[in-house]
Amino acid sequence: MPRRARLLLPGVPLHLIQRGNNRSACFYAEEDYLFYLDSLKLQAEQHGCAVHAWCLMTNHVHLLVTPSKPESASLMMKGLGQRFVQYINRTYERSGTLWEGRFRSCLLQEDDYVLACYRYIEMNPVRAGMVEHPAEYRWSSYGANAHGLRSAIIEANPLYTQLGETADL
């Protein structure tokens, strides 16, 4: 039986989650996180996805994106997955899958859910007991979104920018 097609709408934000196979690690060293982020930037630009928030946990990834076309998010995740798995398999002399099936996606049609998703994604390391405050976790978009740190990846969602009258902290 074929997989059911995803309902992906251009301009509607998505919460994307991709887990490591059998909940095993996907990132082993700092270079792995950096390669993933470089690949995310490249694939998002290439396929027309605005990335609003992200968090790279040791065994899974959370992304908040808005695709510009119905196929944008799927193409971004396909390209990202292929590049990253090839990199990991080459680097660590392994073979086979890294991810547990297809990425999961959830449409965020309500404004409140978009803002809650920002919080959910960037608080993930706190809930996991890895840090006490999200600013302590290096592999998330918290610094860019909460403190205005420069990011080549992040493009603020209009709902997020409407929270303040200026970009000043």
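Predicted model: local features only at pLDDT ≥ 70, side-chain atom pairs only at ≥ 80, totals over all residues.
**Helix α1**

Helix α1 comprises 18 residues, 30-47. At 1.5 Å a residue it should span 26 Å, and the C-alpha atoms at its ends lie 26 Å apart, in agreement with that expectation. Its buried residues are D32, Y33, Y36, L37, S39, L40, Q43, A44 and H47. Viewed down the axis of α1, these buried residues fall within an arc of 170 degrees, so they line one face of the helix. An α-helix has 3.6 residues a turn, and therefore residues three or four places apart point the same way. The buried residues of α1 pack against strands β2 (49-56) and β3 (60-67) and against helix α2 (72-91). On the other side of α1, E31, D38, E45 and Q46 are exposed. After the helix comes G48, which has a positive phi near 75 degrees.

**Helix α3**

Helix α3 has twelve residues, 111-122. Buried in α3 are V114, C117, Y118, I121 and E122. They cover an arc of only 115 degrees around the axis, which puts them on the same side of α3. D112, Y113 and R119 are exposed on the other side of this helix. The packing partners of the buried residues of α3 are β1, β2, β3, α4 (124-127), α5 and α6.

**The largest pocket**

The largest pocket has a volume of about 400 Å³. It is lined by 22 residues, of which W54, R138, S140, R150 and S151 are the closest to its centre. By class, the lining holds 13 nonpolar, five polar and four charged residues. Helices α1 and α5 (142-147) each supply at least two of the lining residues.

| Residue | Relative accessible area | Class |
|---|---|---|
| Q18 | 7% | buried |
| F27 | 4% | buried |
| S151 | 28% | partly exposed |

Q18 belongs to strand β1, residues 14-19. With a relative accessible area of 7%, Q18 falls under the 20% limit and is therefore buried. Residues up to four places away in sequence aside, Q18 touches H60, V61, M77, W99, G101, R102 and F103.

F27 is located in the loop between β1 and α1. Its relative accessibility of 4% is also under 20%, so F27 counts as buried. Beyond its neighbours within four places in sequence, F27 is in contact with D32, Y33, Y36, L56, M57, T58, H60, V61 and F84. Among these contacts, D32, Y33 and Y36 are buried residues of α1. F27 and M57 are 30 residues apart along the chain, and their C-alpha atoms are separated by 8.0 Å.

S151 is placed in the loop between α5 and α6 (158-161). Its relative accessible area of 28% lies between the limits of 20% and 50%, so S151 is partly exposed. S151 is also one of the residues closest to the centre of the largest pocket. The C-alpha atoms of S151 and G81, 70 residues apart along the chain, are separated by 22 Å.

Key. Residues numbered from 1 in each chain as written. Heavy atoms only, no water. Helix = DSSP H or I, 4+ residues; strand = E, 2+ residues; numbered from the N terminus. Expected span 1.5 Å × (residues − 1). Buried < 20%, exposed > 50% of the residue type's maximum accessible area, 1.4 Å probe, protein only. Arc of directions from axis to C-beta. Contact = heavy atoms within 4.5 Å. 1 Å grid on protein atoms, 1.4 Å probe; cavity = no way out; pocket = protein on both sides within 12 Å on 5 of 7 lines; lining within 4 Å. Points joined across faces, edges and corners; volume = space filled by probe spheres on them. Nonpolar A, V, L, I, M, F, W, Y, C, P; charged D, E, K, R; others polar.
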